[in-house]
Amino acid sequence: MQDNSRVIRQDISWKIIISLGGFFMIALTFALGFFLFYRGIGTFTTYDHSVFEFLFSSTWAPADSHDGGGKVGAAIFIFGSISTCLLALLISLPFSIGVAIFMTEISPGFGRKIIQPIVEIFVGIPSVVYGWLGLTVLVPVIKDVFDTQYGFSVLAASLVLAIMIFPTITSVSADAIRSVPKNFRQAAFGLGSTRWQVIYKIVLPAAKNGILTGVILGLARAFGEALAVAMVIGKTKVFPVSILSPTTNLTSAIAADMGGAMDGGEYNIALWTMALLLFFISLGCIFLIHYISESDGENI
Amino acid sequence: MKFSKFLTLALAGVMAFYIAGCGSGATETKSGGNALSGTITASGSSALLPLAKDAANDFKAKYADVSITLNGGGSGTGLKQVSEGSVNIGNSDVAAETKLSKEKAAELVDHKVAVVTIAPVVNKKIGDVVQSLTKQQLQDIFTGKVTNWKDVGGPDLKIMLVTRPATSGTRALFSEYALDKQAEATNKSLETDDSGTLMQTIADNEGAIGYVSLSYLVNNDKVATVSIDGVAPTLENTYNGKYSVWGYEHMYTKGNPNEAIKAFIDFIMSDEYGQKLEKQGYGVTSKMKVSR
C-alpha cells in the first residue's frame, strides 16, 4: 500500500516535470516569435516605411539614430540569401541523393558502418571551420581559376553552403529510403525490374516526401547560416552580376552591424525586421514540411 | 535510479552556481579604507577593448580588490548599456550624441581616454610605388570615381576597396575626416567585420586599399600605410595637428563615477600608463595640441 503511493507520487512528479519542460518550449518559441515581431514591425510603424520598400527597394541607407529618415530597401540582401541558398541546393542535391541511395540500396552494410558516421561527422563541424576553409582555400582558388578580381563570390558562398547542407539532406533522405517497405522492392524485382528501375521508379517516388523534408530542412539551415557565408560572400552591397561576383545576404548584414547600430534606432530596427523575415522564412519551411508529411499517406 | 538522481542534483547544482554567479555581478564599492575595492563592468567598442583589457590588467596589479569585467559588442551596445545602467562604463568610438537621444546623452559623462588615428593602408606591392595620395585622390578612390591605380600614379592594376560596416566607428571617422563625409562606394567594396580581417584581405590582394587604426599597425609587416597630402599617419603628426583623420576613444559613465571607476579611468589617462598607450598605437589625449 505504502509502496503503491510512492510509485504514484513518483509518477505524478515526473509528469509535472515533463509537462513543464514541454510548456516551457512552447512558451519560449512564442516569446521569441513575439519579440521578433514586436521589434521588427518598428520599421513599418515607428519609421513609416512600406513593406514594399523593405522587400523590393535596393536602396539601403538607414539612419543610425532615433530620428529615422533613411532608406531601408533590403532587396539586395534578400536576393543574396535566396540566390546563394538555391544555388547551394542545386549543387548539393545530386550528391546528397546519390550518397543516400548508395548507402541504402547499393551498399547498405558499408553505408551503415562507414558512410553514415562520416556524414554525421560533417554535421558536427562548426560553421566557422567551414567559413575559414572557404576563406583560405576556396576564395583564392576561385580567384585564380576564374581570374576574377575578388574570389569572394556567390559561387564561394554557395559551395560552402552546399557542403553544410549536404549531411542534412543525405541523412534525412537515407532514412526515408530505408523506410520504404521491403515488399515494394520484392514485388518490383518479381516483375522483372532491374535494380536501377527499382530505385528510380519505385523507391525514390515512395520516399519522395521524406526526401523533400530533408531538402527543406537543408534549405532552412542554409538560410540561417551567418558566419560561414559572411566570410566568403564579400558583403558588397550590390546585386551580383554573375555567380562570380560578390554580394551580401540577410544574415551577414545582421551580424556585421548589430553591435554598432544604436538600439532602437532606424538601422537597428531595420536589422530586426531582417531577423523577422528570416524567422518567417524558417516558419514557412516548417509548415511546408508538415504539409508534406501530412500528405504522406495518400501517395503510397 | 540512483544515477539519474545524481544527475538531477548535479544539474541543479550547476544551475544554482551560475545563478549565484550572475547575482554577484552587481556593483558594490566600499569607500572606507585606503585600498580600493569593488566591481567595474564595461562594454562597447571592440576597437577600444584590447586597450581596456591591457589597462585592466595593469590596474588590477595595483588594486587587487577591484574586479573588472570587460565586454565588446560594439559602440552602440556600450552606449545603450551604460545609459540603461547595466554596465558602469560604456566604451565608444563615437560621441554619445550621434547615437543616443539628446536627453540620454546629457546624462552621460564623457572621458576621452585616448586618441585613435586612422590610416589608409594598401597592399605592399602598391605601397612601394604609391606612398602618398592627395585627399582628393583618396576621395575619388573610395567613392569609386577612380578604379585603376595607374590614374593615381601607380601600376596598371584594378583598385579593390575593402571597407568596414556602416556602423563601424573607424569608418565613421575615416569618412568624416578623410572623405569629407562623401559616401563610400559600398556597391564596389568588400566589407569586413573587423580590422584584423581587413588587414588580411589587403595583404592577400594586390590592388587592395582600406583603412585601420594605428593600433593595428604596431609591429605590422603585412600592409603599407599611405600618407595623405604628404603627411604620414603617425602619432606625432596627430599630436601636432598636421594629420587630420583621428578621433577620441570615449569611456562614458552615467553621472560622475564612483571611486573605483574613477580610479580606473584616471589610471588609463595617467602619464604612467600613457607610455604603454603609445606603444599600443593609441595617442595620449593630454598630448594633443589641437582638440575637437
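This is a predicted model: local features need pLDDT of at least 70, side-chain atom pairs count only at pLDDT 80 or more; totals for chains, interfaces and linings use all residues.
**Entry 1: Asp180(B)**

I found Asp180(B) in the loop between helix 7 (169-177) and strand 7 of chain B. Is Asp180(B) buried or exposed? I counted 11 other C-beta atoms within 10 Å, so Asp180(B) is exposed; the cut-off for exposed is 12 or fewer. I then looked up Ser244(B). Asp180(B) and Ser244(B) are 64 residues apart in sequence, yet 11 Å apart in space, C-alpha to C-alpha.

**Entry 2: helix 7 of chain B**

The buried residues are Gly169(B), Thr170(B), Arg171(B), Ala172(B), Leu173(B), Phe174(B) and Ser175(B). I noted Arg171(B) as one of these buried residues. What covers them? The cover includes helix 3, helix 8 (195-204), strand 4, strand 6, strand 8 and strand 11 (246-254) of chain B.

**Entry 3: strand 8 of chain B**

Strand 8 is part of that cover, and I followed it next. Strand 8 spans residues 208-213 of chain B, and 6 of its 6 residues are buried. I checked which way they point. Ala208(B), Gly210(B) and Val212(B) point one way, and Ile209(B), Tyr211(B) and Ser213(B) the other way. Both sets are buried.

Which strands pair with strand 8 of chain B? Strand 4 (residues 108-123) pairs with strand 8 in the antiparallel sense, over 5 bridges. There I found Gly210(B) as the bridge partner of Val121(B). Strand 6 (residues 160-163) pairs with strand 8 in the parallel sense, over 2 bridges. Here Ile209(B) is the bridge partner of Leu161(B).

**Entry 4: chain B as a whole**

I stepped back to the chain. Chain B has 11 helices and 11 strands. Of its 292 residues, 45% are buried. I also looked at contacts with a separation of 6 or more: in chain B, 73% of these join residues 24 or more positions apart.

**Entry 5: where chain B touches chain A**

I turned to the contact between the chains. Chain B gives 23 residues and chain A gives 21. On the chain B side, helix 3 (75-84) and strand 7 (189-191) each supply at least two residues. The largest share, 5 residues, is from helix 3 of chain B. By class, I have 11 polar, 6 nonpolar and 6 charged residues on the chain B side.

**Entry 6: the largest nonpolar core**

I looked up the largest nonpolar core and got 145 residues. Ala156(A), Val160(A), Leu161(A), Leu219(A), Val232(A) and Val122(B) touch the most other members. Helix 7 (residues 154-178) of chain A gives the largest share of this core, 17 residues. In soluble globular proteins, nonpolar side chains tend to be buried together.

I picked out Val160(A). Leaving aside residues up to four places away in sequence, Val160(A) touches Tyr130(A), Gly131(A), Gly134(A), Leu138(A), Ala228(A), Val229(A) and Val232(A).

**Entry 7: a helix pair in chain A**

Last, I checked helix 10 (residues 208-224) and helix 13 (residues 266-294) of chain A. They pack at an angle of about 175°, with their axes 9 Å apart. Helix 10 and helix 13 of chain A are therefore roughly antiparallel to each other. On helix 10, the contact residues include Leu212(A), Ile216(A), Leu219(A) and Phe223(A). On helix 13, Leu278(A), Ile281(A), Cys285(A) and Ile292(A) are among them.

Methods. Residues are numbered from 1 along each chain as its sequence is written. Chains are lettered from A and ligands numbered from 1 in the order in which they are written. Axes are lines fitted to C-alpha atoms, for helices over the stretch in contact, and angles run from 0 to 180 degrees between N-to-C directions. Helices (H or I, at least four residues) and strands (E, at least two) are DSSP runs, numbered from the N terminus. Angles under 35 degrees count as roughly parallel, over 145 as roughly antiparallel, 65 to 115 as roughly perpendicular and the rest as oblique. Two residues are in contact if their C-beta atoms, placed from the backbone, lie within 7 Å. Ala, Val, Leu, Ile, Met, Phe, Trp, Tyr, Cys and Pro count as nonpolar, Asp, Glu, Lys and Arg as charged, and the others, Gly among them, as polar. A nonpolar core is a set of buried Ala, Val, Leu, Ile, Met, Phe, Trp, Tyr and Cys residues joined through C-beta atoms within 7 Å. A residue is buried if 20 or more other C-beta atoms lie within 10 Å of its own, exposed if 12 or fewer, and partly exposed in between; C-beta atoms are placed from the backbone. Two strands pair if DSSP finds at least two bridges between them.
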